[in-house]
Amino acid sequence: MKNQATYDDANLILRLYELRREEKLRTARKWLGTMPPITSREQFGKLCPPGSEENAYFRMVTGYWEMAAAFVVNGILNRELFYRSNNMELLAVWVKVKGVTMEMREANKNPLTNRNIEEVAAGFIEYLDQHAPGFYETWAANLSRTGQPVSRT
């Protein structure tokens, strides 16, 4: 049996949306959306050198989505409502960082790096495959090819 979404779930979705509109986070999200998927720590170092504004942007966006995904993973936020609330940006972030995540986990000896994003993205992809077969593969391929912004909101 599915868990019914609650008004608290809806309010948390709205709060997460509000946070996404904060000016600095909006700038960081736009920046991350225009970069290509990262495939190595070497590429990451070139795109996001330590101490740079780009490194701060990267940490800001991945930290935001890691937090939001943690709410879903831990049952604080209804999973299906999260998927249905047009949170494709989480998937876009995953497309951008999945190629470097394993290497970062190993290098930093931190298996938790992007763990919540990965888990929610995997579930979201399964959800899309059930409800819109073929959509995710096409969308992700287009995103990887174009490097377009992940969201305009």
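Tutor: Let's start with confidence: pLDDT is the predictor's confidence in each residue, from 0 to 100. This is a predicted model, in which local features need pLDDT of at least 70 and side-chain atom pairs count only at pLDDT 80 or more, while totals for chains, interfaces and linings use all residues. Residues are numbered from 1 along each chain as its sequence is written, and side-chain values use heavy atoms, leaving out hydrogens and water.

Student: In which helix is confidence highest, and in which is it lowest?

Tutor: Helix α4 (residues 53-73) has the highest mean, 98, and helix α8 (residues 135-146) the lowest, 86. Helices here are DSSP runs of H or I with at least four residues, numbered from the N terminus.

Student: What makes Phe44 and Phe58 an edge-to-face aromatic pair?

Tutor: Rings of Phe, Tyr and Trp (its six-membered ring) pair if their centres lie within 6.5 Å; planes under 30 degrees apart are stacked, over 60 edge-to-face, and the rest tilted. For Phe44 and Phe58 the centres are 4.8 Å apart and the planes at 70°, so the pair is edge-to-face.

Student: Why is Phe44 called buried?

Tutor: Buried means under 20% relative accessible area, exposed over 50%, and partly exposed in between (1.4 Å probe, protein chains only). Phe44 has 13% relative accessibility, so Phe44 counts as buried. Phe58, at 5%, is buried too.

Student: How do you know that Trp65 and Phe82 are edge-to-face?

Tutor: Their ring centres are 6.4 Å apart and their planes at 75°, so this pair is edge-to-face. Trp65 lies in helix α4 and Phe82 in helix α5 (residues 79-84), 17 residues apart.

Terms used:
Helix = DSSP H or I, 4+ residues; strand = E, 2+ residues; numbered from the N terminus.
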